[in-house]
Amino acid sequence: MANVTDLQTKYSKLAQEYSKLRAQNQVLKKAVVDEQASSASLKEQLKQRDQSLRKQEQEMDSLSFRNQQLAKRVELLQEELAASEAKGKKGKTKGDSPSQHGQQTQSVFDEDLQKKIEENERLHIQFYEADEQHKRQEAELRAQLDELEKDSEQHQAVVDGLTTKYMATIERLQSDKARLEVKAQTLEREAKECRMRTDECQQQLRQCQSELNKQVKQSSSVIQEKVPFNDTKFSDYNSLNVPPHNRRHQLKARDVAGQALSFIQDLIAALLNFHSYTEQRVHIYPRDSSIEPISPLNQKFSQYLHENAAYVRPLEDSFLQLHQSITEDTVTVLETVVKLKSFADNFCSYTHFLQKILPYQLKSLEEECEASLCTAALTVKNQELQTDMKRVTSVFEKLQNYINLLALPSVQQDAMPLSSTSAVFTQLAACLHSLHDAIKEMSKHYNQKAGLEKELPTITQKLSTTTECLLGSLGSLTSSTGKIATFFSNNLDFFTSSGYSPRGSTVTLNPLQAETMLANKKKAAAYIHAIKKVQQSQEKIARLEQEKEHWLLEAQLGKVRLEKENQRIGDLEAQLAAALGGSPNSQPAATSTLAQSHEEAEAEPKAAVKETTLCTSLVGDEESREQLIKTHYMTRVGELTTQLQISDSKSVHFHSECRALAKRLAIAEKSRETLSEEVKMANQNITRLQDELTTTKRSYEDQLSMMSDHLCSMNETLTKQREEIDTLKLGNKGNAKKNKGR
């Protein structure tokens, strides 16, 4: 495994170096190509300069030839001039006309000669300048050529150095490539074999699928013929559709029940103190029972208050039993919490107790108001306390109704749907807040009443102490009810959520399904325990397999040692037989002598021959042991390599699946965002349409009101016109009667 990992690491490093060298080689190739292009351009420029140089040399040669011709012509002209001068001297005696003709000819020759001389000088100057310019250009070009040749040599040296430097790396990479190609071919062959095995497995899978389909068809036919119900059609009566056990829901329910138990214990302690101190106050005020007997009404009231523990303590005990019934291995829903019914019954008993003592509480306060020392302010506070006590009792009655509703599903199956349960929990939370507000208001009024009572002259220390204790119990009661209301509101989502629901159904869990769920949970725990045992057995089997391989290897080594020892004994027997001679009569003696010598060799392990043979056998054993160990570990390395390749292929497959799932998730997120935008736009359109509808409705209402006002004004106008018409008619009738009388 380590060799394969090292080989892969080396190959990755070689691949990185090869890619780096390849990139550098590309850069160098580009630089060499650029230098070759610049060298070619410089060679082209040099060629052009050579051509221009040859052209100028040709021009110089032609000018030299022309100069020579002109020189020759000048010489000829000079000779002719000399000849003409000589003739002129001879013919001075002749007439004037020939001399004039000679002078004219001489002047023409002189002018022509002067022009030729000037032209020759000018050509000489041009030739000299052209020659100097050519020499300068040639020197500059040769200097540039030398620099470029030096640069080219330097670049070529760098290229040669890099080429020689990287040739070894390239050869090594090529050898690695060849080795990897051989390995790839081997892997391809193995892949082909795997494909063949995969095809065989697929064929077997198809056969298994066909057999399973046949079995499914047979089972379906049996179910349709023998089973009298269809669980997908009648899901409400399906006891096989069981949800999985929700351990997190159970832990949360256990925690919530524990918190509720602590709050209820505080509430129970506060209620006990409140009723006890109320009983003590009845015996002290308005009449002190130690001085004079209290009224029969207060005696009955005190008797009832003395029994408060019989109604309050069962609340704590029943809720403690409810908390103990909620464990990690149970199913906690309203349909399975049987102990909730006991708590509801005890709460109903306590509510009846409050209803029973309420008239006595009201009458006791009225009796306090009738006392001679009761002021008007105390009377007002007593009336307020009467209202508070009525309100507290009424809130407890509401709580009783809601708790009875919640306890009903554990007694009567399908008594209340899930939506109604959520509504009951919501109303119960609101009712708990109302209870807290009512007790808080009653505590405030009691504090105000206690302050007024302290101002009375007949107040005793015993009454003051009892009143302070009563106020303390009311404070505890206010605090505990507030904590319970806050706790219930904070956990309202948990109470209204459906922790368990059958698959594909919105109905609640029934006790039969809960029992089946717990049975399945126990079976699953037993199955997991069995799986752990199987894993332990597999580990033990693997350990025994390793020990088996070890002892097999030891057995092979022992076998090799035995063969070596037998061979050595045979050689010793042959040597001894050869030493004793080949006589037939001496064969028994030789055999006995051989046995004796063998015994002596075993008895004397320090003999020289024995030591030499033992050393040879040990060397042979070590070599065979190394060969066997090497073969064994090479086989194991091959197996581990195959497992590694299978794991790599599985990881690649899983990686591709994860990428596909990630893409699907991204697409789903995009679609969700798109749908959210569409919902937002739809909500905006709905809001806009509602605004338009409101505006249109308002405008129509305004128009209707205007039309109504207009109709009223028109009716008034018509009424006035009718009255005028009637008046005119009456006037006309009176005038007609007058006219008739006249």
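Guide: Let's start with His134, which counts as buried because its relative accessibility is 12% (buried means under 20% relative accessible area, exposed over 50%, partly exposed in between, with a 1.4 Å probe and protein chains only). Before we go on, this is a predicted model, where local features need pLDDT of at least 70, side-chain atom pairs count only at pLDDT 80 or more, and totals for chains, interfaces and linings use all residues. Residues are numbered from 1 along each chain as its sequence is written, and side-chain values use heavy atoms, with hydrogens and water left out.

You'll find His134 in helix 2, residues 96–226 (helices are DSSP runs of H or I with at least four residues, strands are E runs of at least two, and both are numbered from the N terminus). If you skip residues up to four places away in sequence, His134 touches Leu53 and Gln56 (contact means heavy atoms within 4.5 Å).

Now zoom out. The protein chain has 13 helices and zero strands, and its pattern along the sequence is α-α-α-α-α-α-α-α-α-α-α-α-α. Of its 742 residues, 23% are buried. Take the contacts between residues at least 6 apart in sequence: 85% of them join residues at least 24 apart.

Next comes the nonpolar core. In soluble globular proteins, nonpolar side chains tend to be buried together. The largest nonpolar core here has 68 residues, and Leu340, Phe343, Tyr350, Leu399, Met442, Tyr446 and Phe488 touch the most other members (a nonpolar core is a set of buried Ala, Val, Leu, Ile, Met, Phe, Trp, Tyr and Cys residues joined through side-chain atoms within 4.5 Å). At least two residues of this core come from each of helix 3, helix 4 (296–306), helix 5 (308–325), helix 6, helix 7 (376–407), helix 8 (418–454), helix 9 (461–490) and helix 10 (492–496). Helix 3 gives the largest share of this core, 13 residues. Apart from this core lies another one, of six residues, including Tyr285, Leu378, Leu456 and Leu463.

Look at Leu399, for example. Ignoring its neighbours within four places in sequence, Leu399 is in contact with Phe347, Leu428, Cys431, Leu432 and Leu435. Then there's Leu474, which sits in helix 9 and is buried, with a relative accessible area of 0%. Again leaving out neighbours within four places in sequence, the contacts of Leu474 are Phe274, Ile439, Met442, Ser443 and Tyr446. Leu474 and Tyr446 are 28 residues apart along the chain, and their C-alpha atoms are separated by 8.7 Å.

So how do the helices pack? The axes of helix 3 (residues 247–284) and helix 6 (residues 339–369) are 13 Å apart, at an angle of about 30° (axes are lines fitted to C-alpha atoms, for helices over the stretch in contact, and angles run from 0 to 180 degrees between N-to-C directions). That makes helix 3 roughly parallel to helix 6 (angles under 35 degrees count as roughly parallel, over 145 as roughly antiparallel, 65 to 115 as roughly perpendicular and the rest as oblique). On the helix 3 side, Ile264, Leu271, His275 and Arg281 meet Phe343, Tyr350, Phe353, Leu354, Ile357 and Glu368 in helix 6. Sorted by class, the residues of this contact are seven nonpolar, one polar and two charged (Ala, Val, Leu, Ile, Met, Phe, Trp, Tyr, Cys and Pro count as nonpolar, Asp, Glu, Lys and Arg as charged, and the others, Gly among them, as polar).

Helix 3 also packs against helix 4: their axes come within 9 Å and cross at roughly 160°. That makes helix 3 roughly antiparallel to helix 4. Here His275, Thr278, Glu279, Val282 and His283 of helix 3 meet Asn298, Phe301, Ser302, Leu305 and His306 of helix 4. This contact has three nonpolar, six polar and one charged residues.

Last stop: helix 6 and helix 7 pack at about 165°, with axes 9 Å apart. Helix 6 and helix 7 are therefore roughly antiparallel to each other. Their contact has 18 nonpolar, ten polar and five charged residues.
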